Amino acid sequence: MASSPHTTSYVSYQQHVIQSLHNKETHFTKHNIEKALGNVGHKDIEVAEKWLQSHRLDTTLDTESEREFILFLCPTGPFLSEVSKFYEESYSRCGSNSAHNLFPHVTLSSFFKVSDSALPYVLDILANCIENTTAQKPDRIRLSLQSCEGFIGIFLSEESSIWLQEILDEFVRRTDADLGVRVKPQTTQFHLTLAYNFDLSKTDDLSSLAKNIKLDAPVRWELNLYSRNIKFNGKQFQVVLHNYKAKKFDELDLIQHHYVIMDSESTNHKSWKKGRDFDTGKIGLFPENFTKKTAEWRLWTKNFSIPITHSKDRRHGNDNEKQNNKARRSHSMNLKRDKKDTNRASARSTGHRTLERSDSTRNQTQTWEPVVLASTAINPNVAGFVRQRSLDSLKSGNAAHEHKEKSTELIASHAASPSRSEMKEAHVVDTSTRNRRDSDKRASKRNERENTARLLKHVSNSATVQRPVGEIRRLFFIRHAERVDLTFGHDWFQVYIDDKGYHRRNLNLPRRIPTRRGGPKDFFMDGPISEIGTFQAKLIGEALRAKGVTFTQVFCSPSLRCIQTASSVLEGLMDTRLKIKVEPALFEWMAWCRNTLPKFMTVEELADYGFNVDRTYHQFYSLAQFNLYEKTDEYYYRTHSFVENVLRTATGNVLMFGHSATLDVGTRQLTGSPIRKTDDLVRVVQKVPFCGVCVAEESPQTHKWHLAQPPIPSLAHGQNSTFDWRILETTVNGPPYGKGK
């Protein structure tokens with residue numbers, strides 16, 4: 001199969017990364033780079049290089065990775081919330097069972113082994129198998145609740161199972177024939193386990209809870225490939241709660257949110273343990289009370305992820321699908337502008353990509369707490385082809401001969417095995433009849449979808465607000481004001497908040513702070529603005545009011561610092577009629593959040609605290625949709641899709657509050673410019689100050705958008721460091737006056 005000229009395969013991307021790092025003279029071998037890409041999930045070059053640098057002293061760097069892989073079908077969105085709620089309530093009322101050991105998923109295969117060099121070929125084959133069956137997939141995956149003694153689960157419909165089985169069959173066949181990789185597909189009916197291996201006396205309670213799950217809740221299913229290191233199987237894992245600086249040569253530096261693999265070797269001190277830092281490979285002793293036990297799956301790597309269905313929310317389902325289509329077209333055009341950009345301008349935060357969310361106070365027994373893995377942009381690496389010449393170099397002659405015999409046995413065995421539909425006698429049908437029936441059904445549904453799409457397009461166009469001729473629309477983007485955590489340190493809440501309450505020991509600390517439902521730790525990555533920040537934001541509002549600028553709508557990131565900034569700007573504008581619409585799509589790039597969503601205050605909590613927020617606003621983008629490992633282009637598409645959605649009906653001036661990068665990602669594609677590469681984005685946002693303002697303006701003649709001069713001047717001021725008056729008691733080279741000799 002020929003590759004699209006605008007599609008980059010995992011194979012060619014890996015070759016690009018190897019060449020790029022060799023050009024930098026990093027002295028890492030080809031195998032080192034292959035290993036790094038496998039460990040970080042074949043993401044961007046910066047993360048792979050950072051992984052290599054952090055593992056340069058790892059004694060296992062030159063050895064072949066002992067990794068095994070597994071295919072899961074994972075739900076996201078409201079349906080994931082429904083299942084997660086069941087897990088929580090079943091754990092609370094009926095105690096732990098085996099289903100609590102993993103996040104909600106449908107198992108598609110057993111674990112299988114892949115070498116570092118063969119992994120990109122496996123990923124290309126998987127992407128290609130999914131692409132080749134796209135036309136046959138059902139419009140949605142239908143579910144049913146079933147139970148038997150000691151088991152309760154949600155089963156996929158026969159139609160959906162047949163389609164998934166086609167993907168698996170093709171994947172099994174091609175990986176075996178081309179690579180000698182043996183993948184064993186799931187042999188039981190596809191299902192999502194809710195509970196098993198539980199106390200049978202709890203059956204009625206669990207069944208009752210399971211019936212409360214809304215099986216028709218909006219859901220987007222993702223096909224994910226995870227991997228784990230075999231040598232860590234059976235090991236105990238700890239997540240670091242607090243930083244620790246090694247004081248002796250045999251001690252291990254602890255970095256918050258890193259993971260430590262425990263060593264079975266005993267130490268002389270009960271409170272000290274020996275372990276290896278999973279992110280750096282370093283080994284040493286560390287204080288055990290600086291860590292807590294965590295589940296092994298949290299250290300898995302997600303090597304591949306692609307959405308195979310779209311959420312069918314009655315309110316937003318069609319709009320979301322159209323936004324995804326726009327993202328695809330925009331992404332394709334950007335690739336045409338820069339064919340040499342093979343890394344897709346992708347980016348991750350520093351460190352290894354694991355599945356743990358950095359909540360240092362979570363009860364460890366709840367290892368089933370789901371991790372949001374959704375992505376709102378189309379995976380750019382969804383297709384590719386395998387070069388047979390390169391594949392042949394992966395095998396030796398003897399291995400190829402042995403594989404050929406095994407492959408024949410496997411195909412013959414699979415052809416003779418019954419299909420899932422034949423597992424139930426009531427559903428036994430002739431294979432050819434069933435295929436013909438399914439083909440007719442799919443053709444009918446495709447026609448229905450095409451007709452519906454045409455109708456929706458007509459309705460959407462007719463629903464667009466008719467604006468007065470010659471009206472100029474403007475979008476104002478404003479970065480939040482000065483942050484407390486960047487002024488007083490990220491641990492400010494540990495310094496100024498204790499059991500007795502909040503202590504305002506500096507005049508620039510906020511006069512009051514909200515009570516967080518999770519305690520002071522919820523201020524981590526979601527801190528307030530300072531008193532200077534409040535003054536900055538009010539100045540901006542007063543300047544806009546002096547220029548006669550008014551707004552029709554106000555949207556804001558859910559970050560507390562942005563909400564406070566918006567509130568202070570509106571105070572300066574003296575506009576009490578405008579309510580703040582809290583919109584998660586405006587939140588900053590996940591790579592700068594250590595791949596963790598902060599514990600935001602809810603709209604109700606913000607309103608109760610006194611912020612003038614819109615309780616009736618339906619958010620365009622939910623927190624459940626966030627991809628914790630968001631790439632640069634996904635960040636651009638997320639923000640741009642929201643902006644486009646607003647502009648469908650917006651009139652006049654619209655005000656949006658966000659973060660330093662919001663000013664660029666919110667206007668870049670709107671003004672017809674290509675999305676930036678990671679390095680370029682970082683360079684630009686470093687020059688955006690607190691309360692930086694930019695304006696995008698629409699031409700009333702051409703209806704094209706361009707950046708325009710803001711109506712107010714920029715805001716600049718110096719920085720004061722904390723002043724300790726006791727310095728006045730000291731001499732230049734001696735002790736305080738009167739306290740010397």
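Two strands pair if DSSP finds at least two bridges between them. I keep that beside me, along with the rule that helices (H or I, at least four residues) and strands (E, at least two) are DSSP runs numbered from the N terminus.

**Before I start.** I am looking at a predicted model, where local features need pLDDT of at least 70 and side-chain atom pairs count only at pLDDT 80 or more, while totals for chains, interfaces and linings use all residues. Residues are numbered from 1 along each chain as its sequence is written, and side-chain values use heavy atoms, leaving out hydrogens and water.

**Entry 1: the five-stranded sheet.** I traced an open, antiparallel sheet of 5 strands, ordered β11-β10-β9-β8-β12. At its edges I found β11 (283–287) and β12 (291–294), each pairing on one side only. From one strand to the next, the twist averages 45°; such angles run from 0 to 180 degrees between N-to-C directions, with axes fitted to C-alpha atoms (for helices, over the stretch in contact).

**Entry 2: strand β8.** Which strand does β8 (residues 237–240) join through 3 bridges? I found β9 (residues 259–262), running antiparallel to β8. Here Phe-237 has Ile-261 as its bridge partner, and Gln-238 stands opposite Val-260. With β12, β8 pairs over 4 bridges, also antiparallel, and Val-239 faces Lys-292 there.

I remind myself that in a regular strand side chains alternate between the two faces of the sheet. In β8, Phe-237 and Val-239 lie on one side and Gln-238 and Val-240 on the other, and all are buried (under 20% relative accessible area; exposed is over 50%, partly exposed in between; 1.4 Å probe, protein chains only).

**Entry 3: the six-stranded sheet.** Next I followed an open sheet of 6 strands with mixed pairing, in the order β18-β17-β19-β14-β20-β21. Its edge strands are β18 (580–582) and β21 (705–708), and its twist averages 25° from one strand to the next. I saw helix α15 lying across β14, β17, β18 and β19, at about 140° to β19. Helix α17 (residues 632–647) packs on the sheet too, touching β14, β17, β19 and β21.

**Entry 4: the cores.** A nonpolar core is a set of buried Ala, Val, Leu, Ile, Met, Phe, Trp, Tyr and Cys residues joined through side-chain atoms within 4.5 Å. The largest one here has 73 residues, and Leu-475 and Trp-492 are among those with the most contacts inside it. Helix α15 (residues 560–573) gives the most to this core, with 7 residues. I listed contacts (heavy atoms within 4.5 Å) for Leu-475, including Val-643, Met-656 and Trp-705.

Technical notes:
Lists of a residue's contacts leave out its neighbours within four places in sequence.
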